[in-house]
Amino acid sequence: MHTIKLTPEQLEEFGAEMDTIRRRIVADLGEADADYIRKIVKYQRGFEVAGRTMFYLPPLWPAAVAALSVSKILDNMEIGHNVMHGQYDWMGDPGLNSRMYEWDNVCPSDQWKYSHNYIHHTFTNILGKDRDIGYGILRMDEDQPWHPYYLGNPLYAFALMVFFEWGVALHDLEVENLVAGRRTFADNKPLHRGIMRKVKRQALKDYLLFPALTGPLFPLTFAGNATANLVRNIWAFNIIFCGHFPTGVATFSIEETEGESRGQWYYRQLLGSANITGSRLFHVMSGNLSHQIEHHLFPDIPARRYPEIAKDVRRICEKYDLPYNTGPLHRQLGSVFGKIVKLALPGRPGRKTAKPDRVPDSAVAA
Amino acid sequence: MSIAGTLLRSRAVALASPHGVDRYLELVNPMWAAHEVRARLVEIHHEVDVPGEPPVATLTFQPTNTWRGHRPGQYVQLSVDLPGARRLTRCFTLSSAGSRPGDRFTVTMRANPDGEVSRFLVEQAAVGQVVHLSQAAGDFVLPEAVPEHIVFITGGSGITPAMAMLRSLLLRTHRGRVTFVHYARSPEHQIFRAELEEISTTGYGVDLHLVYPEQGGRNFSPMELERIVPNFRDVDTWLCGPAGLVEAVRPAYEADGPNDRLRVEYFKPPRASGTAGGRLAFDRSGIEAENSGESILEQAEAAGLKPTFGCRMGICFSCTATKTEGTVRNVLTGETSDRPDEQIRICVSSPEGDCAIDL
């Protein structure tokens, strides 16, 4: 667990500085942000149509899968995730509105918004409240008590990666609480219908209609669509696991976060998240979730602003001597997979390194 | 496009799930749509341009073929992307005589200083501008069987729906009588003035009365109306104007109780004259204020909140919010309601005593 390093006065000042960044960006939102997201939507639809079309030409199968994968990744991350956070609600465009948007994913958007926007973003990294710590199936924090079940930690993580969109869809059913008797089957009943409807639509489109439209190429198109969904699952899983699980990211207890102030909330978001460095294209393909820290500080600000916000956040971190967890993808991933393996075994291996790492400035991309 | 249209509206759209086929079509051409209605501005005609006064213009739109047409007197919700990438929606009355599916229609609007949408369309928009529309709506229309004698009483911009009806009557070669009483500030402010005068002098049976109370014309009185239209209470009447006019005319018709000959549309809603007193709480933002008796929308704005709104007159439902507790009064109908967790239109609801809104 984490002990807060700032005094209450410092925390208040720290919170006020974050609020200032927020106000500055919100006041500046306009055409450039609208043009950007509309351009991304155009690319996404373009890749999707190109991918679906290229399935008619068997030699282009790999290109078709690539295009469709890119389309699904953009749809889920830079568009879906961010639009459903309400980042573009200020535009008043129903096509980019958090209440209306539905993504190309088996998890129904309204259920995702509850578990993600509300539960995960409000109670980030509070063990016992944030169900994104291990998603109810993994041991991702040394304070989660060990159980022989967790010997399968790497195996479960691999399965979650392959079936990530299904994991996200089933996340709301809280299967772990069902098994533990804290939740009843009846509690889940209202959710079943929404999930089934969405699953049917997604499956009908990807595994029946589009393959059927290619006639004799049905099996190839079917396999191509499945591959694109798989690629998206693997990519999304990896980016998202780098957001909160690399070594050095802090977790918090329910007791220490009771009645927390605005400043404390910002502090928890900052220390509970980690970034990934990379090129501009990499940031777009990750939905700018490579700036998980900035996303958690300002979840409803358009994600394309995170790189510019990051400069101020790093300056504030230096001022208060707070860690800013970032690194290239391979290092963050290595750290996450190390943790998955270590925590499969009993004990509290993280204890010695519980102090968040300082990452040298040189590790940060421009 | 009709075969393609049928196909695009069929079950084949499962292919476009979850975004829907319109999200793809609009990227190719904004005038292609399977469900949504959009329109391109094809002509701007300035009706009134008095220096120092808000200009009035009639805009002609070519809608997508998803437009189902309109009956004269109806209105449409129009959304437009304003500079700064903010899309706003407002309601406007259709001023043309009626349109069939896919037909062009006109909208006449005054560019009020605080009307962001009307100002943009009248002063800045260029031919080619694409806007987003609802289907036409509203019950302030002529019946299928047109009565022999019709009275229109209108004030200010409230003339627009009556004008649409009058144009439609002329097109249909209505053989009966039409009495048109309109109140305006001055001849210079009079929209459709030339057209009205032409209509009244060409023997269509339209008895036109343009009244300018600020220039010595007499304000509405039942006696005056009785002089022009004997037994007016038994004549089908369409009344549209600001609250002052409606409040003067309605009692004249309803002296002997409710009168279904009179159809009313407020051009602007009456000032909420709710009872002040008690506390108005905005749950989500944690703000509380003294209840001033104004509409909840106005009080929310006064408290620094920015709730979504559209028509500000109780027709478009853009501002719908949940009232969690307390009693509210509908300023249009006077009805009160004290049900908890009720969906209310905050632009036409004022609190009666303590009240809490999820805003």
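Me: Which side chains meet in a salt bridge between Asp93(A) and its partner in chain B?

Reply: A salt bridge is a side-chain nitrogen of Lys or Arg within 4 Å of a carboxyl oxygen of Asp or Glu. Here the side chains of Asp93(A) and Arg87(B) form one, with 3.5 Å from N to O, and across the interface of chain B and chain A the rule finds two salt bridges. Please keep in mind that this is a predicted model, in which local features need pLDDT of at least 70 and side-chain atom pairs count only at pLDDT 80 or more, while totals for chains, interfaces and linings use all residues. Residues are numbered from 1 along each chain as its sequence is written, chains are lettered from A and ligands numbered from 1 in the order in which they are written, and side-chain values use heavy atoms, with hydrogens and water left out.

Me: How many residues does each chain bring to the contact, and what area is buried there?

Reply: Contact means heavy atoms within 4.5 Å, and buried area is the accessible area (1.4 Å probe) that two parts lose on being put together, summed over both. The contact involves 15 residues of chain B and 30 residues of chain A, and about 1700 Å² is buried between them, with carbon and sulfur atoms giving 57%. On the side of chain B, Leu15(B), His19(B) and Arg87(B) lose the most area to chain A, together 32% of what that side buries.

Me: How many salt bridges are there over all chains, and which residue of chain A is joined to Arg232(A)?

Reply: The whole structure holds 45 salt bridges over all chains. In one of them, Arg232(A) meets Glu165(A) at 3.0 Å, N to O. Helices (H or I, at least four residues) and strands (E, at least two) are DSSP runs, numbered from the N terminus. Arg232(A) lies in helix α9 (residues 218–244) of chain A and Glu165(A) in helix α6 (residues 164–171) of chain A, so this pair ties together parts that are 67 residues apart in sequence.

Me: Are these two side chains buried or exposed?

Reply: Buried means under 20% relative accessible area, exposed over 50%, and partly exposed in between (1.4 Å probe, protein chains only). Arg232(A) counts as buried at 2%, and Glu165(A) is buried as well, at 4%.

Me: What does Arg263(B) pair with in chain B?

Reply: Arg263(B) forms a salt bridge with Asp236(B), the closest N and O atoms being 2.7 Å apart. Because Arg263(B) is in strand β11 (residues 262–266) and Asp236(B) in strand β10 (residues 236–241) of chain B, the pair ties together parts that are 27 residues apart in sequence. Arg263(B) is partly exposed, with a relative accessible area of 24%, whereas Asp236(B) is buried at 10%.

Me: Which charged residue is buried yet has no salt bridge?

Reply: Lys and Arg count as positive and Asp and Glu as negative, while His and the chain ends are not counted. Lys339(A) is buried without a salt bridge, and the nearest side chain of opposite charge, Glu142(A), is 5.5 Å away. Lys339(A) lies in helix α14 (residues 329–342) of chain A, and it touches Met140(A), Phe245(A) and Pro246(A), not counting residues up to four places away in sequence.
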